[in-house]
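Some of the words used for a protein model are labels that rest on a cut-off.

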Amino acid sequence: MTIGVKKVSLERTTRDQIFLPAILEGLLTTARHFFKNTFSPGHGDVDTIRYGEPGVDPADYYPERFRGVHRLMHREDGSVRCVACMCCSTVCPARCIYIEAEDRKDDAEKAPHSFVIDELKCVVCGLCVEACPCDAIRMDSRIHMPPSELREEAVLGKVELMKRGGPSVAVQGGLGADYREQAPKADPRFSHDPH
Amino acid sequence: MTHVAAILSRFVATLATRSRAVAGLCLAMVLGVLTTACDEPPTSTQAPVLVKTEPGTLIFHPSTGPVEVTLVNVSDQPVRVDRPRIDETTPDWVAFTVGEDASATQIPAKGSITFHVGVEAGYFLGPGDARPAVVRGGEEPEPTAANEFREGKSRLVFSVDGVPHTGMPIRFEDPSWVTQYMLPALVKILLLVLGFIMPLASLLTWMERKQSAMMQDRVGPNRANIRIGGLNLRLWGIVHFIADGVKMLFKEDFIPKRAHRALYNLAPVFAVAPALLVFAIIPFGDGICYDQLFQPLSGADVAQCADGRGGTPLQVAQIDVGLLFYFAIASLATYGTALAGWSSYNKWAILGSLRASAQMISYEVAIGLTIVGALLVYGTLEPHALVKAQETTYWGIVLQPIAFVLFFTAGMAETKRAPFDIPEADSEIIGYFIEYSGMRFGLFYLSEFIETIFMAAMLATLFLGGWGLPFGMLTAGGFSSALAATLFLTAVGLGLTVMGVLAWRTSKAGELFGAVVALVGVLHLFGAVYAAFTGWGTAIPHVLVVVLGMVIWGGKVFLLCGVQLLVRWTLPRFRYDQLMSLGWKGLLPLSIANLVITAILVYLLMPGLTPAS
């Protein structure tokens, strides 16, 4: 396919200089939109999604990677996946995540004693999700933070966050204890290491 | 109380959900009414009236000169009338004289004769120094207070084919200044300002946002609502203007520290007052006769009322220099802008006010020269007479199409709104009202919309026949013919029905509104059928004609406001230099050319108006 060149004349024609034909054309265009949108069901060409109207579920319109209210994922036994590594609260630019760690009795890891997110401070950047090493915190709940009348209602604790969560298919702690053996090996042909 | 409200809201909700059934019910009712109305009218036993006098009752004021009276033959055969004379049996007959132009003649079928009747007002003047002697036989008039006119009555009589006619009552009265001018003016001002301008101006604040949204594929304001009982009335966000008003009133009224306080406070008044004042010359109807509201009147009757005798013109101030008054007052609006900019002590504000002044000068000239064309064609500066002249000839838009375009353009510049929003210029300087807040800003905002309405009213008056219909279809007595009535009712009915059905289909909220509109439209269609078959429409009760005229006038103004909004949201802004070159190099030469061509054409085609005659 060749690239075509459309030559636009920059010369001022009489038609341009008396304004009126162009103005009428423009008025007809806007008038057409006006009448179509005003008098057709569902407002014609208006693409605005009317969130909050009855019968309109925001979740139907949110994209796959939409960042909504946080949720905490579960292990197979239903306990929290979080190991209180503090990555999320460290990376959080709004400093809205507060974690107190406690010892987890059944294995060598820690667990959050309390996990509090102040949704009023959250800037919904999603860095906590990216920072999480064990898929414990997610923002794919598809729920827009609902408005609240009291400040306390917007500060979510571990229980509320876990209520939205579910089991994660990821292996807890990444590849497991023998991750060095499981890790893919580099192709020796491209190795620059001296033998 | 809440119980009643709940029942009412339930009722309305039911109406809304059952609009189909309601529409059917109303249709049946309409059919019933129409079938009864179509029955034979009761036949009168009196002898038919062969000749009618126009006006029906002649009213004289002290300053009235000889008045033209017309005898119209309404029968199908020619009739002979003797010379009309004043009835000698009436007490004040000596004061009135029938002009020399009256004579005994034959009036052809549907024809008419015209003559003059005069009055000697001094006859009714009470004893005083200035009283002229009236000695013409007849009784001595009753004594009255010094230098005051008393009321008097007489009657004009004549016979038709030898049979005495009931004649035409003549009245002489001298109403006080209060009843003649002040009270009617006050009522008209209240009606116009509180009943039309202010509601429409505040509605326009919503309409502008909603219409622009619809034009740009957006939704626009639709959140504000009124809750009555359990019913949530959102009405496409119309109630937003109430929310806006409340917001404006309750916001902080901030005055900059170094502002000139007195002028700063005065500026909004200077902006709004002229905008409201110029409405005084706009006629929103012909004339209204107080005591003959429910009977059909002739053109002469209404003309007499519009002259202030026995009625009042539907125009706040009927002044001969009407259009000049408009120029004088409209130019004052610039003071509001200039003072607002200067007194704010803000450089953007003063830039805005300077621009406003420059813009005003460059457009006032074009507007003035544009109107001179219309003035040449119709020969009057008085808006009421202008509309009457358009009724009998052609509308201004036909005779002065270029002037219409020029006036529309210059008028939009006068309202200081896009594409001529140089004084405001959101993107450069915020405008002359940058420092204003709360209701003071609201007044500036509102005055722009009032000016928009005024421009629409002015366009309707000058170019679109004011309260009239095209081709003189609406006369003082009703429609000019049954065909005109049928055409008008069909057009209105079709328009309303289509609009109603479309509104009905748009949304659930529109169901009730759409059903009502469609129902009114269908009613009009039935009226059209009725008019087509019975010949109804040429003699309608006076009050109905007045209301119809007002509605037509209001409709024209509303539509023209819509067109102005359409232009405002379609065209991009002019740059300052482009604006100046458009004003001085475009509109001014064109309006002068229009004026010259009009003058030549008037000289050539209307020989009765040449200076030589």
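Q: What makes two residues count as being in contact?
A: Two residues are in contact if their C-beta atoms, placed from the backbone, lie within 7 Å. The model to which this rule is applied here is a predicted one.

Q: Which residues of α5(B) and α7(B) meet under that rule?
A: On the side of α5(B) they include B:Leu263, B:Tyr264, B:Phe270 and B:Leu277, while on the side of α7(B) B:Ile329, B:Tyr335, B:Gly336 and B:Ser343 are among them. The residues of this contact divide into 17 nonpolar, 3 polar and no charged.

Q: Why are α5(B) and α7(B) called roughly antiparallel to each other?
A: Two packed helices are described by the angle between their axes and the distance between the axes. Helix α5, residues 261–277 of chain B, and helix α7, residues 322–343 of chain B, pack at an angle of about 160° with their axes 8 Å apart. Angles over 145 degrees count as roughly antiparallel, and the two helices are therefore described in that way. Their crossing is left-handed.

Q: Is B:Lys416 buried or exposed, and how do you know?
A: B:Lys416 has 27 other C-beta atoms within 10 Å, and a residue is buried if 20 or more lie within that distance, so B:Lys416 is called buried. B:Lys416 is found in the loop between α11 (401–414) and α12 (438–463) of chain B, and its phi is near 60°, a positive value in a residue other than glycine.

Q: What makes A:Val124 partly exposed?
A: A:Val124 has 14 other C-beta atoms within 10 Å; since a residue is buried at 20 or more and exposed at 12 or fewer, A:Val124 falls in between and is therefore partly exposed. A:Val124 lies in the loop between β3 (110–118) and α5 (127–131) of chain A, and has a positive phi of about 55° although it is not a glycine.

Q: Why are β1 and β6 of chain B said to stand at the edges of their sheet?
A: Strands of a sheet pair through backbone hydrogen bonds, either parallel or antiparallel. In chain B, an open sheet of 4 strands has the order β1-β3-β8-β6, with antiparallel pairing. The strands β1 and β6 (96–98) each have a single partner strand, so one side of each is left without a neighbour in the sheet. Direction ignored, neighbouring strands of this sheet are turned by 25° against each other on average.

Q: How do you know that β1(B) and β3(B) pair?
A: Two strands pair if at least two bridges are found between them, and β1(B) and strand β3 (residues 67–73) of chain B pair in the antiparallel sense over 4 bridges. B:Lys52 stands opposite B:Val72 in β3(B), and B:Thr53 stands opposite B:Leu71. Between β3(B) and strand β8 (residues 112–119) of chain B there are 6 bridges, again antiparallel, with B:Leu71 opposite B:Ile113 in β8(B).

Q: What makes β2 and β5 of chain B edge strands?
A: In chain B, 4 strands form an open sheet in the order β2-β12-β9-β5, with mixed pairing. The strands β2 and β5 (85–86) each pair on one side only. Strand β5(B) is joined to strand β9 (residues 152–157) of chain B by 2 bridges, and these two run antiparallel.

Conventions:
Residues numbered from 1 in each chain as written. Chains lettered and ligands numbered in written order. Predicted model: local features only at pLDDT ≥ 70, side-chain atom pairs only at ≥ 80, totals over all residues. Axes fitted to C-alpha atoms, helices over the stretch in contact; angles between N-to-C directions. Parallel < 35°, antiparallel > 145°, perpendicular 65-115°, else oblique. Left-handed = near helix turned anticlockwise from the far one by under 90°. Nonpolar A, V, L, I, M, F, W, Y, C, P; charged D, E, K, R; others polar.
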